[in-house]
Amino acid sequence: MKLTDEMKDALHIVGSGGAVVHLTTCSADGKPNTVGERFVAVWKDEYILIADMFAQKTKANLMENPIGVITIAHPVKGRTWAFRGPTTILQEGLPEDYEFHGAMAKDVLAEWGNWAEKEPPSEVPPDIRPPRLVQRGVMFMKVEEIYSYKPDEAGKKIL
């Protein structure tokens with residue numbers, strides 16, 4: 001499922017015109033976990049990736065239940081979507097031929113394995129900028145369903 005240009009435009013890190021997104025996962029026994037993330041990008045028009053830095057509960061949930069939902073809400077721009085699909089963690093050390101729903105891990109990590117180098121957090125003032133981003137990999141979703149949650153069409157499947 002390909003994302004629209006408007007969706008791709010919204011799914012950028014905050015300093016590049018995007019917004020904070022929230023990734024929700026759920027354990028096998030039904031306990032949800034939501035994390036707010038600012039390092040987000042789109043890969044090949046149908047995958048969403050987020051830098052994996054501190055998401056320990058998210059990792060545990062994805063090991064048990066590899067489905068995620070990423071929501072974005074920007075009320076001023078009217079960008080209110082929920083993206084759902086199989087989700088995993090891609091990190092160094094995976095087999096050379098590891099594939100996840102049509103994407104080769106080595107290709108994704110070659111482009112996004114060092115987020116600080118590719119998209120430095122320039123919007124963060126120097127006095128509070130971390131000296132070094134500690135990225136462990138990327139959380140990677142193959143988007144299969146997209147829902148709106150605008151007030152007049154909340155829950156409507158749009159793609």
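**Close-up 1. Aromatic pairs across the predicted model.** Five aromatic pairs turn up in a search of the whole structure. Rings of Phe, Tyr and Trp (its six-membered ring) pair if their centres lie within 6.5 Å; planes under 30 degrees apart are stacked, over 60 edge-to-face, and the rest tilted. The W43 and F140 ring centres are 6.0 Å apart with planes at 65°, so this pair is edge-to-face. W43 belongs to strand β3 (residues 40-43) and F140 to strand β9 (residues 137-142), so the pair ties together parts 97 residues apart in sequence. Strands are DSSP E runs of at least two residues, numbered from the N terminus. W43 is buried at 6% relative accessible area; F140 is buried at 0%. Buried means under 20% relative accessible area (1.4 Å probe, protein chains only). Ring pairs link W43, Y47, F100 and F140 into a cluster.

**Close-up 2. Lysines over rings.** K142 places its charged end over the ring of Y47, 5.7 Å from the centre. K118 lies over the face of W112, 4.7 Å from the ring centre. The criterion is NZ of Lys or CZ of Arg within 6 Å of the ring centre and within 35 degrees of the ring normal.

Close-up 3. Strands β1 (residues 21-26) and β2 run antiparallel, joined by six bridges. Pairing requires at least two DSSP bridges between two strands. T24 has T34 in β2 as its bridge partner. Five residues lie between the strands, and G30 takes a positive phi near 90°.

**Notes.** Residues are numbered from 1 along each chain as its sequence is written, and side-chain values use heavy atoms, without hydrogens and water. The model is predicted: local features need pLDDT of at least 70, side-chain atom pairs count only at pLDDT 80 or more, and totals for chains, interfaces and linings use all residues.

Definitions and conventions:
Helix = DSSP H or I, 4+ residues; strand = E, 2+ residues; numbered from the N terminus. Buried < 20%, exposed > 50% of the residue type's maximum accessible area, 1.4 Å probe, protein only.
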